[in-house]
Amino acid sequence: MICIIALVVFGILGIFSATHRKLAWEALDCVIRKTTFRKCRTALDERLRSKISGKVIGKFPKTGAFIYKHFAIFSYAFTLLFLVSLVYSGISIYNFAVYGNCNGPEEIPGFCIFDPAGGQTKVTSSETCTASSEGTLKTLDTINITRFPRLDRGSNHTVVFIGCYACPYTRQSYPELQKLMREDVNIVFAHFPTKGMTEYLSAYDYCLYEKDPELLWHFNDALFQEPVESLTNEQRILDIISSFGIDAHEIQECTTMNATQSRVQEQLAALQTLGVYGTPTVFVDGQPLVGPRPFRTYKSLLRKNGN
Amino acid sequence: MAINTLKIREDFPILQKRIGGKPLVYFDNACMSLRPKQVLSAIQHYYEDLSACGGRSSHRLATQLTEEMERARKSVSAFFGAKRAEEIIFTKNTTEGINLVANSLALHKGDVVLTTDKEHNSNLLPWQFLAKRKGIVHEVVDSQKDNTFDIDRFERMMSKKVKLVAMVHTSNLDGTTIPAREICKIAHEHGALVLLDGAQSAPHKNVDVRKIDCDFYAFSGHKMCGPSGIGGLYGKKEMLEQLQPFLVGGETVTDTTYTTYELEEIPHRFEAGLQHYAGILGLGAAVEYLKKIGMANVEAQELLLNSAITQGVEQLQLIGPVDPKLRGGICNYLTGSIDPHALAIMLDQSASIMVRSGAHCVHSWFNKHHLKGSLRASVSFYNTVDEAKFFVEQINKIVKNLK
């Protein structure tokens, strides 16, 4: 059985070394003969058995002898482990290609926890946060998604991007959203302030979108490039808005209106109903992904759904 | 006179090295000996200072090389007690020497060639091939129960039909040495010639071909501290003159026309083509080195080592007689349920002890006894008693745990 492992290991090493290439051939011969219930002609298995046991027997005679005597069992166990790890490696490679990580769609990389009071840890990392410990997302049909800013292209696909301007993971993920915006998809954007300090920006989102939907996307581009420290500086926000060639004070006035505040609260409540607990949260045709993912992951899901 | 082994070991560069972080314990001398720096220098001397064709060109390099080659031939001839230097033919190794006799001697259909039952393939296959090709009869003299030579059986098998007695002088299987002088006497009385395979006797004991009175004696350089790829065949001059060379070409003739040729003198008529000059000079240096050590001292040191191993090794069955005096430098063990190859690898991996495992090219003997192989430790004069004790300790430890 050890020949199976030897075949793979020596096969890879054999790409670079002629000595190992010869051993790989011996291992192949051994595997073929063993699978047809014949004795290994090259005795590679016996040599490996003796070499491994020999290395140990000098220092630990009993252990070395034990390995030698029970080598077949060790071989089977290691081969089994090897095959299992080979399968998992294959799955991981597939996941990496499709989802951008080795653990598949369920893995949660770093994301920002919803914490408006600011008393908790502001961000998580993949080591400390899992979906189960944070909550369960509901499906999009539990809320009225039409109440959020939308870039409608009449596509069959819709990506809902829920992010926070101050969240480093949302900021990391935003360029991927920009790429998505160049695809044939409808985009819905929802600001989910994981910190209280950026909550006021939701109102600016609404007012700008109401004035001209295009303005919101320019506003997003600008805010995600802005240093996080500037996001609490409302004057800086007004300067950004002014740079779009519109009256910033008019927008500022809009943010204080009851209708605006009411819509912002409605949106926040809808996101909480949806079960959003951190950012970024992205729904690709209804399938949620929490944490930043590469563009290919989103693209792959869109392709699956017929793009 | 006891030899100073520690001083001798300084001559062997490889013994100063460590293998896998441990000192090398080399107990595979029956397969290949180690080389002292004197031999290495002789080889280097050829490539650095001479590097020409011997026996052909007239320039100074060539003539100096020819002189040194002939000096080496004289050294080798003296080492084996030959009457004349020209009785030594340089060959590639023992195998080539035996094949030279087998293919050059006038053997005909029905002629009998006798061998022992412990022949190395080198002294078995040539006769099997001749049996197929020419119809000679190859007969085997079985050993006694303790694996020593059965002289009575041999005598009974001798007849006028026996034209050649081709036997291993010292066995690489168990180290036993046949009574060569007695065998030669009996063979000659029956009109047969004697060829001895001296691969294992030449490096380990005083061999005097004239005292033994053998007709041919083949040996290898690589087993007697000489370079690989060089060996020799001793033949009595009158016997060599009767042989028809089977390898011919450059150097083997003095003149040719399109239809005729005139053979060179002995030994050159048997040394076809350019020779392994570096090897010949190295072999000359090797025999000089062994002479300096003294073959009696070599034999005594090997007996000391063999005794230490024989007394120390437990739980393994020795091949051949128990008395170390009868086994030269060889301790060959049947390993029972343990695979000898596995044991050899373990000794190497765990303690950097190099031994040989398998059938040692004596497959016929193992097949006869329905055995798969054995583990052979073969010592030489540069091995120490401490090494022998270390080997004993290690093999006993491994075997005890594996059984």
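I call a residue buried under 20% relative accessible area, exposed over 50%, and partly exposed in between, with a 1.4 Å probe and protein chains only. This is a predicted model, in which local features need pLDDT of at least 70 and side-chain atom pairs count only at pLDDT 80 or more, while totals for chains, interfaces and linings use all residues. Residues are numbered from 1 along each chain as its sequence is written, chains are lettered from A and ligands numbered from 1 in the order in which they are written, and side-chain values use heavy atoms, with hydrogens and water left out.

**Entry: salt bridges**

I took a salt bridge as a side-chain nitrogen of Lys or Arg within 4 Å of a carboxyl oxygen of Asp or Glu, and I found 26 of them over all chains. Helices (H or I, at least four residues) and strands (E, at least two) are DSSP runs, numbered from the N terminus.

I looked up Lys237(B) and Glu241(B), whose side chains meet in a salt bridge at 3.9 Å, N to O. Both residues lie in helix H9 of chain B, four residues apart, about one turn of the helix. An α-helix has 3.6 residues a turn, so residues three or four places apart point the same way. Glu241(B) counts as partly exposed because its relative accessibility is 44%, and Lys237(B) is partly exposed at 25%.

I then turned to Lys236(B), which forms a salt bridge with Asp213(B), the closest N and O atoms being 2.8 Å apart. This pair links distant parts of the chain, 23 residues apart, with Lys236(B) in the loop between strand E10 (231-235) and helix H9 (237-242) and Asp213(B) in the loop between helix H8 (209-212) and strand E9 (216-220) of chain B. Lys236(B) is buried at 13% relative accessibility, whereas Asp213(B) is partly exposed at 32%.

Is each partner of the bridge between Arg84(B) and Glu87(B), at 3.3 Å from N to O, buried or partly exposed? I noted Arg84(B) as partly exposed, because its relative accessibility is 27%, and Glu87(B) as buried, because its value is 2%.

**Entry: the domains of chain B**

Domain bounds come from an automatic or database domain assignment, which divides chain B into domain 1 (5-31 + 295-402) and domain 2 (40-291). I read a distance of 28 Å between their C-alpha centres. Counting contact as heavy atoms within 4.5 Å, I found 31 residues of domain 1 of chain B touching 30 residues of domain 2 of chain B. Buried area is the accessible area (1.4 Å probe) that two parts lose on being put together, summed over both; for these two domains of chain B the value is about 2,300 Å², 54% of it on carbon and sulfur atoms. Two salt bridges join the domains of chain B. I also looked up the salt bridge of Lys368(B) with Asp142(B), whose closest N and O atoms are 3.3 Å apart.

**Entry: the domains of chain A**

Chain A is divided into domain 1 (2-99) and domain 2 (112-304), and I read 52 Å between the C-alpha centres of these domains. Five residues of domain 1 of chain A are in contact with seven residues of domain 2 of chain A. The two domains of chain A bury about 490 Å² between them, 40% of it on carbon and sulfur atoms, and I counted zero salt bridges there.

I looked next at Tyr76(A), which lies in helix H5 of chain A and is exposed because its relative accessible area is 51%.

**Entry: chain B against chain A**

How many residues does each chain bring into contact? I counted 11 residues of chain B in contact with 14 residues of chain A. The buried area is about 1,200 Å², of which carbon and sulfur atoms give 67%. Met346(B), Gln349(B) and Asn401(B) supply 44% of the area that chain B buries against chain A, more than any other three residues. I found zero salt bridges between chain B and chain A. On the side of chain B that touches chain A, helix H12 (340-351) and helix H14 (385-402) are the elements that give two or more residues, and H12(B) provides the largest share, five residues.
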